Every structure is written in structure tokens, then in C-alpha cells.
Amino acid sequence: MDKLIYLDHAATTKTAPEVVEAMLPYFTENYGNPSSVYSFAAKNKDAVNRQREIIAEALGADGSEIYFTAGGSEADNWALKAAAEAYASKGRHIITTKIEHHAVLHTAEYLEKKGCEVTYLDVDEEGLISLEELKSAIRPDTILISVMYANNEIGTIEPIKEIGQIAQENGILFHTDAVQAFGQIPIRVDECCIDMLSASGHKLNGPKGIGFLYIRKGVKIRSFVHGGAQERKRRAGTENVPGIIGLGTAVDRAVRTMEERTAKERELRDYLIERVLSEIPYCRLNGHRSMRLPNNANFSFQFIEGESLLIRLDMKGICGSSGSACTSGSLDPSHVLLAIGLPHETAHGSLRLTLGEETTKEDVDYVADVLKEIVAGLREMSPLYEDFLKKNQ
Ligand SMILES: *Cc1c(COP(=O)(O)O)cnc(C)c1O
């Protein structure tokens, strides 16, 4: 198959050529261990710290507050587990939401087994949490609020600044999973009173297996990996130097291109949404109409299965993602789509299309044309659709 239209940038992105190029020397000639004293290797420590500065600048933070991890999942695990442990004497109550990524949700469930109490906030039909509900969930023993910056499935951007203010007023730590938001929307940790923030390289045209946790100076937090003194003794292990160089290069690039890139993506996203909603009947857009990531479109098509849709799209060279977790062997629809109130059948017929910097209008037109045809074809074969037509004759 020659045609490949990749519209699954929320799952991962292509490592940009200049990122790969920046990384290469650190596999070959610059292979020194940053902890070694001779200058040949010490140069690598400087290079690693320069990436810390680049990332910190993108957030309005300080380089010493950036801790490299093996990706977004590790950063989320670290933030929750270490905060629960370090603040155990203050309390054991954590507030998060029902729509977090599993890296947060499953960690919260693990902490519940270890004796923490967790409140999972509901979201409204557009995926937003309620600030009033957040305020009333706060207790004297609440130690952490963890709310994602933007949702990976439906793209909704949460009111992070307001959440941060509430956390700060109540003296509670605030962590945000910004894996989807970082590189797509400007983030200032001070303005939003963010104490910890997770991000990942491969969601912003950087390499896989590298990410970071921003930890505000003064936050008490435990080491995540014990061993050597790397990452200010909080996350031991010889640094993934090529990965870190790749991450820093990708962040620098994402910041520089953000305005132009996301303006283009937003326009194409809106064009896609407009075409799909106007040309395909019995279809809805999931997530917030305006407070959403510039590259995210998520639809539910009644009377069809998201999985069949994905397979047919794949036959046409189109990569998308369904709202259901069938791929992971479970038949449950996505927890996010259920949380916004979709009935099971509707959630099952969902499709997430996430655009990237290389997506063109031609791609979007092709996808809209193909989608229209496939949805009609699947409905032809759908007993649900047949029933519906009979009832509505
Ligand atoms: C992808 C993703 C993660 C996990 O990041 P990895 O680097 O793949 O471990 C966490 N949270 C969100 C919101 C994500 O989209």
C-alpha cells in the first residue's frame, strides 16, 4: 500500500529528522558517561543540562526543576507515588478525575490499595471538570490534586489555571499530566500554580522512551529510582543521553513552530469536523468545541462499531484510533467516553483522528470522503441501523 495517512498523532509522532540528527553523535562519538570526570564525558553532562534549560524555559521554570524520566507514564507514576509517600504524615487523600490517562488512573488505584483515599471527579458532557465539585472534594487530609492538562482521547483542555489557584489557596500540591498539551499549547507553570508536570518526547516529534517530570523547587518528593546520584539523586541510572538530546531538540522545535503549526492544525481540524458533521448523518463530535487541542477530532457514529471502522480505514491507508479499548483485549468502551455520558453503543462507534504537522488539506479531504463511504457501508450491514430505519419509517 503506497498511501499512508497518519492521523494518530495522539498515540505517537514521527521523530523529526533534525531531532534524529541531533541525537546521532551521542550514540557514536560522544558516548561518554555524563558522570565521569574527564572532559570527554563531562561535555555530555553539559549537553544534558542544556536540554534541561531549554525545557525549563518552555515552561517558565528553572533547569534544576526538570527531572528526566523514561517517558510520560513514568513521570505520572513518580508524581503520584512519591507525593503520596512524602506527604503521608499530612494526609492520604488524593483528588483526580475519571478521564485521566491510565498512567495516572492505575497509579491512583494502586495507591488506594496501599491505603490512600482517592476522589475521582466527574466531567460534564464536554469533558470539563467542575471547579465547584473540586472545591467541595477538598478535605483537610487532601495532599494532591492531579488533573490532566488536556485529554488524550477527546482533546478537552481543562481549566488548569483555576485548578492551580484552588490547589494553592488550600495548600495542596498540584500535578498535571501535560503529555498531550506540552508542545501544542503554551504552558506557564507559575501562572497556573503547577507543582509537578509530566511530559513525553514521542508526543511532540521527539524520541520514544524519554520524558520528564517538572518538580517545583521546595516540593518534598521521594526518589523514584534508587542508585547513583543522577537527577539530583531522585532518579538514578546513567542518563539516556541521546534521548535527552532528542527531547530537548524536539521541545525547542515545538516551541519555535507552535504558533504557525497549531494555527494550521486548528484550521484543518475545524475543516474536518465541519465536513464530517455536515456530510455524515447520526454522528457527533466528542469533547469541547473550542477548549480542545488544536489537532484533535473525536467522533461517534451511531449504529456502527469503531473497530470495524478502523479496519476499513486501515485498508484505505488511514491510521486512526477508536474510542474503545478493544485493542487491549477488553470489550469495555473507553472510560473517557463513558465519563462524558455516552451510552455504551455510541461510545463503541467512536473514532479519534489526531492531525500532525505534515497533515494536508488533501489528506483531510481524502479521509472525509473515505469515512463517509465506509460509515454508509457499515450501516448497510448493521442490524441496529435496520431497526432504527424500520422504527422511523
Ligand atoms: C501518551 C500519554 C502518556 C504516556 O506517555 P508515554 O511516554 O507513552 O509513557 C501519559 N499521559 C497522556 C495524556 C498521554 O497521552
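1. A polar contact, as the term is used in this note, is a pair of N or O atoms within 3.5 Å; within protein, one of the two must be able to donate a hydrogen and the other to accept it, and residues adjacent in sequence count only if both atoms are side-chain atoms. By that criterion a polar atom of the T69 side chain lies 2.8 Å from the backbone oxygen of G71, and a polar atom of the T69 side chain lies 3.5 Å from the backbone nitrogen of F212.

2. The model is a predicted one, in which local features need pLDDT of at least 70 and side-chain atom pairs count only at pLDDT 80 or more, whereas totals for chains, interfaces and linings use all residues. Residues are numbered from 1 along each chain as its sequence is written, and side-chain values use heavy atoms, with hydrogens and water left out.

3. T69 belongs to strand 2 (residues 66-69), strands being DSSP runs of E of at least two residues and helices runs of H or I of at least four, numbered from the N terminus. With a relative accessibility of 2%, T69 counts as buried, a word that stands for under 20% relative accessible area, with exposed over 50% and partly exposed in between (1.4 Å probe, protein chains only). Contact means heavy atoms within 4.5 Å, and, leaving aside neighbours within four places in sequence, the contacts of T69 include E74, W78, G211, F212 and R235.

4. The chain is divided into domain 1 (5-12 + 257-391) and domain 2 (17-254), with bounds that come from an automatic or database domain assignment. Their centres, taken over C-alpha atoms, are separated by 29 Å, and the contact takes 29 residues from domain 1 and 31 residues from domain 2.

5. A nonpolar core is a set of buried Ala, Val, Leu, Ile, Met, Phe, Trp, Tyr and Cys residues joined through side-chain atoms within 4.5 Å. The largest has 60 residues, and among those touching the most other members are L59, I145, F182 and F212. Both domain 1 and domain 2 give residues to this core, so it lies between them. Apart from it lies another core, of 27 residues, including L309 and L378.

6. The ligand has 13 residues around it, of which S73, D177, Q180, S200 and K203 come nearest, where a residue is near if one of its heavy atoms lies within 4 Å. An oxygen atom of the ligand is 2.7 Å from an N or O atom in the side chain of S73, while a nitrogen atom of the ligand is 2.7 Å from an N or O atom in the side chain of D177.
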